[in-house]
Amino acid sequence: MTSEQVLRHDPGRLGVRRRLVVRAVVAVARLLAVQRPDRIRRVLHRLSRGARPASRAEAAAARRDTVMTSAFCSGPLGCLPRSIATVLLCRLTGSWPVWHAGVRRYPPFGAHAWVSVDGVAVDEPYPEDFHIPLLTVAADERVVEERVVEGLREFG
C-alpha cells in the first residue's frame, strides 16, 4: 500500500497503559497486514460481528493513537497496518468503523487502505473520490439496522 504522507509519531503523549495496548494492537495489525487480502477481509469481518458502528471521534482517536505510537504506521507504507490497527482499537471499545482497501482512481496506480465513518474517510488527506474501495468491512449489519430502527423510534 502506498501513501505520500508522513504522520506525527509521538508516543510520549499517550499514557503508558494506552501505549502498551496500542503497541500490542499494532503488532497484531502488522501480522495480519502481510496476509492475503481475502484472509484479511475474512478475519476483519469475523471481528466486526456484534460491534456497533464507530463514531467519527472514536475512529479519529484510534487512528491518532496508532500513528502516535507506531513509527511504521505513521510512515508512507503504513496505511494497511494503520487502518487495521484503527479498526482493532475501535473494536476493543465495542465499535467498528468501515474498513476499506482499494486503489487510486487516477494515475499513477497506487493501493491504499483507510477507515471511514458515515461514508467519509477519517483523517485522510485525499478527496473523497480519490480511491476506489475494493475490499470493505463494515460493522455487523444487524447492529446497523438496530441503530437505524432506534433512530426512527426517536423521531416516531
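Select Tyr 126 to begin: in this predicted model, Tyr 126 is buried, with a relative accessible area of 16%. That value falls under the 20% cut-off for buried residues.

Now bring in Tyr 106, and you have one aromatic cluster made of Tyr 106, Tyr 126 and Phe 130. How many aromatic pairs does the structure hold? There are two. In the pair of Tyr 106 and Phe 130, the ring centres are 6.1 Å apart and the planes meet at 50 degrees, so this pair is tilted.

Next, select His 131, which lies in strand S6. Is His 131 buried or exposed? It is buried, with a relative accessible area of 9%. Show what surrounds His 131: beyond its neighbours within four places in sequence, it is in contact with Val 103, Arg 104, Arg 105, His 112, Trp 114 and Tyr 126. Tyr 126, where the tour began, is therefore back in view as one of these contacts of the buried His 131.

Now for some backbone stops. Most residues other than glycine have a negative phi, and most peptide bonds are trans. With that in mind, select Pro 107 and Pro 108, which are joined by a cis peptide bond with omega of about 0 degrees. Pro 108 has its place in the loop between S3 and S4.

Move on to Asp 118, in the loop between S4 and S5. Asp 118 has a positive phi of about 55 degrees although it is not a glycine. On the surface view, Asp 118 is exposed, with a relative accessible area of 75%. Then select Asp 123, found in the loop between S5 and S6. Its phi is also positive, near 55 degrees, and at 45% relative accessibility Asp 123 counts as partly exposed.

Turn to the helices by colouring H1 (residues 16-33) and H3 (residues 56-69). Their axes come within 10 Å and cross at roughly 85 degrees, which makes H1 roughly perpendicular to H3. To see the contact, show Arg 18, Arg 19, Val 22, Arg 23 and Val 26 of H1, together with Ala 62, Asp 65, Thr 66 and Thr 69 of H3. By class, this contact has three nonpolar, two polar and four charged residues.

Another pairing to display is Arg 30 with Phe 72. Arg 30 lies over the face of Phe 72, at 4.0 Å from the ring centre.

For the last stop, select Ser 95, in strand S2 (residues 95-96). Ser 95 is buried, with a relative accessible area of 0%. Which residues does Ser 95 touch, not counting those up to four places away in sequence? They are Ala 51, Arg 52, Pro 53, Ala 54, Glu 58 and Cys 90. Draw a distance from Ser 95 to Glu 58: their C-alpha atoms are separated by 8.1 Å, although the two residues are 37 residues apart along the chain.

Key:
Residues are numbered from 1 along each chain as its sequence is written. This is a predicted model: local features need pLDDT of at least 70, side-chain atom pairs count only at pLDDT 80 or more; totals for chains, interfaces and linings use all residues. Side-chain values use heavy atoms; hydrogens and water are left out. Axes are lines fitted to C-alpha atoms, for helices over the stretch in contact, and angles run from 0 to 180 degrees between N-to-C directions. Helices (H or I, at least four residues) and strands (E, at least two) are DSSP runs, numbered from the N terminus. Angles under 35 degrees count as roughly parallel, over 145 as roughly antiparallel, 65 to 115 as roughly perpendicular and the rest as oblique. Contact means heavy atoms within 4.5 Å. Ala, Val, Leu, Ile, Met, Phe, Trp, Tyr, Cys and Pro count as nonpolar, Asp, Glu, Lys and Arg as charged, and the others, Gly among them, as polar. Rings of Phe, Tyr and Trp (its six-membered ring) pair if their centres lie within 6.5 Å; planes under 30 degrees apart count as stacked, over 60 as edge-to-face and the rest as tilted. Buried means under 20% relative accessible area, exposed over 50%, partly exposed in between (1.4 Å probe, protein chains only). A charge sits over a ring if NZ of Lys or CZ of Arg is within 6 Å of the ring centre and within 35 degrees of the ring normal.
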